[in-house]
Structure formats: structure tokens, C-alpha cells
Amino acid sequence: NAGTQADVYICVYGERGDTGSRQLRRSQKPRKFLKGQTDTFAVEAVHLGQLYKIVIGHNGLGAGNGWFLDKVVIKDPITDLDYTFLCHRWLDQGQDDGNIARELTLTDASTFPGRQELELKREETWAAEKWKFQEGNTLQFYNRLTRGFICLGPDGRVDAFGDKKNKYGKVFFMWMYA
């Protein structure tokens, strides 16, 4: 359910102005915005010069309108430059922060290629896993080197022997490799 049937809009900003909000209507694919799919759209506009940000979102209409957007790449046909705007987040009222529109700034690939993408993946991983660290949960870590468990209890105690039995409620196993 990472695709959307909602109407998607984009506004592209450059040094010479912006495109205004434009609906992305005709993809080169028969069905647009499907999970795992790359869609390509032609957007006619005056030349904006160097691009620096976009605002992309949807109208929230339709069943299953939530959408997970990985990134947007804009190819400037005049300069033949590619501009990459990483998102790697949900545009969904029921996921992430509940926003259905995102302002994305240009990815600076010159400092460290993939750095922003790695940071976004780290944030996404934490968003998916942080519920395990809520009050009242117990974590058990298995150390392959010692072949033993370390248990972190909800009261802050650390049990180096880490009983496999669930004596605190929810127990989550995480594998540590040394």
C-alpha cells in the first residue's frame, strides 16, 4: 500500500521563479504511482535556471491515498542536468507525521554521494523501530560471541544473563554481531 490513487501535484522552484502547482497527469506507465514503480512525467514550464527545491503532495482523495515517495529526479532538457530531491517518507495522514505534502530541497551530492539518502534511511528505520523502546517493553539482545542474552528491563535494570522467558510483558529480540 505504498502507492496512491490521489491526484499528485508538484511545484518546482528555481533561481528565476517557480512553475506554480502542477498536477502530474500523464505518466509513461499505464497506471501511475504504484508501489515500487518509477513514473516519468513531462511538465512544460519556462526555464527556471538552477533548481533548489520542490513542493510535492497529493489531495488526499480516494481509497488508499497514502503514498511513500522515495525521490524525485528532474531532468532539465536545456542544460541536461539532473536535480535529485530525496524524500524517502510517507505522504499520508495516517503514517509518519501525517503530512500529505513535502517541501524537498536539492540533494547536494558533492559533499558525500548518498549521505542524505543514508540519513533518510536511518530516520525511517528509527521511525519503524522506536515503538520497541516504549515504556514497559523489555529488550533482549543475543550476543553470538558469548552465546548469551543481555536483557534490558522496563525499570532500567540490565540482566547480563537475560532469561529467555517473558517476565516483563513484551520481549523483543535483537541480534548483535561482534
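Guide: On a 1 Å grid laid over the protein atoms alone, a pocket is an open set of points with protein on both sides within 12 Å along at least five of seven lines, whereas a cavity is a set where a 1.4 Å probe fits but cannot get out; the lining residues are those with an atom within 4 Å of a point. The model is predicted, and local features need pLDDT of at least 70 while side-chain atom pairs count only at 80 or more, although totals for chains, interfaces and linings use all residues. Residues are numbered from 1 along each chain as its sequence is written, and side-chain values use heavy atoms, with hydrogens and water left out.

Visitor: What is the volume of the largest pocket, and which residues lie nearest its centre?

Guide: A volume here is the space filled by probe spheres set on the grid points, which are joined across faces, edges and corners. For the largest pocket that volume is about 1100 Å³, and of the 36 residues in its lining, D39, F41, V72, V73 and I74 lie nearest the centre. Strand 1, strand 4 (51–58) and strand 5 (67–75) are the elements that give two or more residues to this lining, where strands (E, at least two residues) and helices (H or I, at least four) are DSSP runs numbered from the N terminus. Strand 5 gives the most, with nine residues.

Visitor: How many nonpolar, polar and charged residues does that lining have?

Guide: In this classification Ala, Val, Leu, Ile, Met, Phe, Trp, Tyr, Cys and Pro are nonpolar, Asp, Glu, Lys and Arg are charged, and the others, Gly among them, are polar. The lining of the largest pocket then has 22 nonpolar, seven polar and seven charged residues.

Visitor: Is D39 buried or exposed, and which residues is it in contact with?

Guide: Buried means under 20% relative accessible area, exposed over 50%, and partly exposed in between, with a 1.4 Å probe and protein chains only. D39 counts as buried because its relative accessibility is 18%, and its place is the loop between strand 3 (22–23) and strand 4. Contact means heavy atoms within 4.5 Å, and, leaving aside neighbours within four places in sequence, D39 is in contact with S27, K29, R31, K32, F33 and L34.

Visitor: Which residues of the largest nonpolar core touch the most other members?

Guide: In soluble globular proteins, nonpolar side chains tend to be buried together. A nonpolar core is a set of buried Ala, Val, Leu, Ile, Met, Phe, Trp, Tyr and Cys residues joined through side-chain atoms within 4.5 Å. The largest core has 18 residues, of which I54, I56, L69, V72, I74 and F85 touch the most other members; strand 1, strand 4, strand 5 and strand 6 each supply at least two residues of this core. Beyond neighbours within four places in sequence, I74 is in contact with V12, L51, I54, L81, D82, Y83 and F85.

Visitor: Which residues line the second largest pocket?

Guide: About 270 Å³ of space lies in the second largest pocket, and F68, H88, R89, W90, Q95, D96, L120, E123, E124, A127 and A128 line it. Strand 6 (82–91) and helix 1 (115–129) are the elements that give two or more residues to this lining, and the largest share, five residues, comes from helix 1.

Visitor: What is the phi of H88, and what is that of D96?

Guide: Most residues other than glycine have a negative phi, and most peptide bonds are trans. D96, with a positive phi near 55°, is placed in the loop between strand 6 and strand 7 (101–105), and is partly exposed at a relative accessible area of 44%.
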